[in-house]
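Please look at the structure below before reading on.

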Amino acid sequence: MNAVLAISEFSARPAGDDGPAGVPAVRIEGLSKTFSKASGPVLDDVSLTIQRGEVHGIIGRSGAGKSTLVRCINLLERPSAGRVFVSGREITSLRGRALRTARRDIGMIFQHFNVLSSRTVAGNVALPFKVAGLSRAEIARRIPPLLELVGLSDKADAYPSELSGGQKQRVGIARALALDPSVLLCDEATSALDPETTEQTLALLRDINRKLGLTIVLITHEMQVLRDIATRVAVLDHGRLVEEGATFNVLAFPKSAVARSFLSGLVAHELPPLVAARLLPEAVPGSDPVLRIVFTGEAAHDPIVADLVSQFQIVPNILHGRIDYVGDRPLGVLTLVAGGAGPRLPAVLSRLASLGLFVEVIGHAVRSAVTCRHGVAV
Ligand SMILES: Nc1ncnc2c1ncn2[C@@H]1O[C@H](COP(=O)(O)OP(=O)(O)OP(=O)(O)O)[C@@H](O)[C@H]1O
Ligand SMILES: [Mg+2]
């Protein structure tokens with residue numbers, strides 16, 4: 001597929017021209033949603049601003065309220081309290097025909113694709129045009145560029161049963177983009193796809209985001225999806241927004257326990273429970289400090305451990321660590337016992353800080369009689 005060519009042909013709207021300059025794509029103010037008084041609020045006073053052109057990830061445990069939140073953006077669910085603005089227009093004040101018209105500005109794709117099995121690919125993509133009242137001739141003219149955009153030109157007459165999961169999701173994407181929305185809501189859109197198809201689907205979404213200036217709101221439980229495509233991340237926990245920020249910052253310095261635990265598969269923020277259970281909160285005679293070092297830039301390439309050995313005669317014992325890349329920025333977390341640091345600990349910490357590393361003492365480990373000649377065991 002030549003996505004660049006296809007996108008430029010398809011887009012009726014110049015990239016980024018989806019509302020007055022400076023107006024966020026989505027603004028959520030004090031949003032709450034309660035389905036039943038007995039079970040309490042599913043969303044509780046959520047406020048979130050999503051700027052135009054962002055790919056904004058939303059993460060949180062199952063039942064945290066992620067789907068409900070995105071369904072409140074296009075008013076598939078009506079909030080119990082609060083306001084939602086899309087491209088500067090208050091969606092929550094609209095009803096009936098005005099709401100249906102405003103919804104054209106918001107596309108949505110789902111985990112299970114939601115394609116109609118009784119219709120061909122072209123028939124599925126035609127649906128939003130039919131609902132919008134376009135003529136047959138106009139619909140016939142609009143479908144080919146959309147299919148080209150998503151790489152399905154040769155599948156126009158195929159039925160969903162003849163398509164792979166990735167192709168079905170492409171039908172979903174084409175249908176969601178049919179009316180040239182400025183916001184695309186994705187609810188676990190790649191969760192049912194294998195890793196390679198996920199990567200291809202993300203590449204398509206990224207391309208659409210860049211070339212069309214389309215704002216994407218992306219719910220995912222796959223942290224690598226977040227790393228690969230999201231520019232910002234919001235974290236929901238029990239219906240409350242507990243954290244929001246640029247993806248790299250949330251990955252490197254998660255503030256909430258839920259974000260730390262979610263990201264632990266990607267960034268080594270949390271020690272394996274067996275190791276964590278053996279750390280002491282306070283130093284005791286014969287213990288050594290345990291350092292958690294976060295590498296976020298050039299220092300990720302420096303021989304930090306060798307530096308600690310040669311400068312401070314530390315005997316490091318690495319407990320846990322991982323270095324990953326977010327875009328082209330390295331991001332690593334290393335947890336080590338600074339064996340024999342003793343009174344040199346402040347000097348060690350300031351040396352690490354001077355290298356641009358973020359370091360904290362997360363506990364203490366007692367030296368093992370067996371291993372103290374080589375390092376420190378916990
Ligand atoms: N229509 C509904 N009626 C009653 N309760 C609902 C309804 N929709 C969602 N809920 C409840 O709201 C809570 C949040 O659901 P939601 O689907 O938003 O969670 P989620 O974060 O998307 O979870 P998951 O990751 O499993 O998809 C859940 O407890 C759910 O049971
Ligand atoms: Mg959900």
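Helix α4 (residues 121–131) packs against helix α6 (residues 165–177) with an angle of about 30 degrees and their axes 8 Å apart. This is a predicted model: local features need pLDDT of at least 70 and side-chain atom pairs count only at pLDDT 80 or more, while totals for chains, interfaces and linings use all residues. Residues are numbered from 1 along each chain as its sequence is written, chains are lettered from A and ligands numbered from 1 in the order in which they are written, and side-chain values use heavy atoms, with hydrogens and water left out.

Helices here are DSSP runs (H or I, at least four residues), numbered from the N terminus. Axes are lines fitted to C-alpha atoms over the stretch in contact, and angles run from 0 to 180 degrees between N-to-C directions. Angles under 35 degrees count as roughly parallel, over 145 as roughly antiparallel, 65 to 115 as roughly perpendicular and the rest as oblique.

For α6 and helix α7 (residues 195–212), the angle is about 20 degrees and the axes are 10 Å apart. That makes α6 roughly parallel to α7. The crossing of α6 past α7 is right-handed.

The next topic is the ligand. Ligand 1 is surrounded by Phe35, Val42, Arg61, Ser62, Gly63, Ala64, Gly65, Lys66, Ser67 and Thr68, where a residue counts as near if one of its heavy atoms lies within 4 Å. Helix α2 (residues 66–73) supplies the largest share of this shell, three residues.

Polar contacts are pairs of N or O atoms within 3.5 Å.

| Residue | Protein atom | Distance to an oxygen atom of ligand 1 |
|---|---|---|
| Glycine 63 | backbone N or O | 2.8 Å |
| Lysine 66 | side-chain N or O | 2.7 Å |
| Threonine 68 | side-chain N or O | 2.5 Å |

Taken alone, ligand 1 exposes 640 Å², and the protein buries 54% of that; accessible areas come from the Shrake-Rupley method with a 1.4 Å probe.

Conventions
A polar contact is a pair of N or O atoms within 3.5 Å; within protein, one must be able to donate a hydrogen and the other to accept it, and residues adjacent in sequence count only if both atoms are side-chain atoms. Helices (H or I, at least four residues) and strands (E, at least two) are DSSP runs, numbered from the N terminus. A crossing is left-handed if the near helix is turned anticlockwise from the far one by less than a right angle, and right-handed if clockwise.
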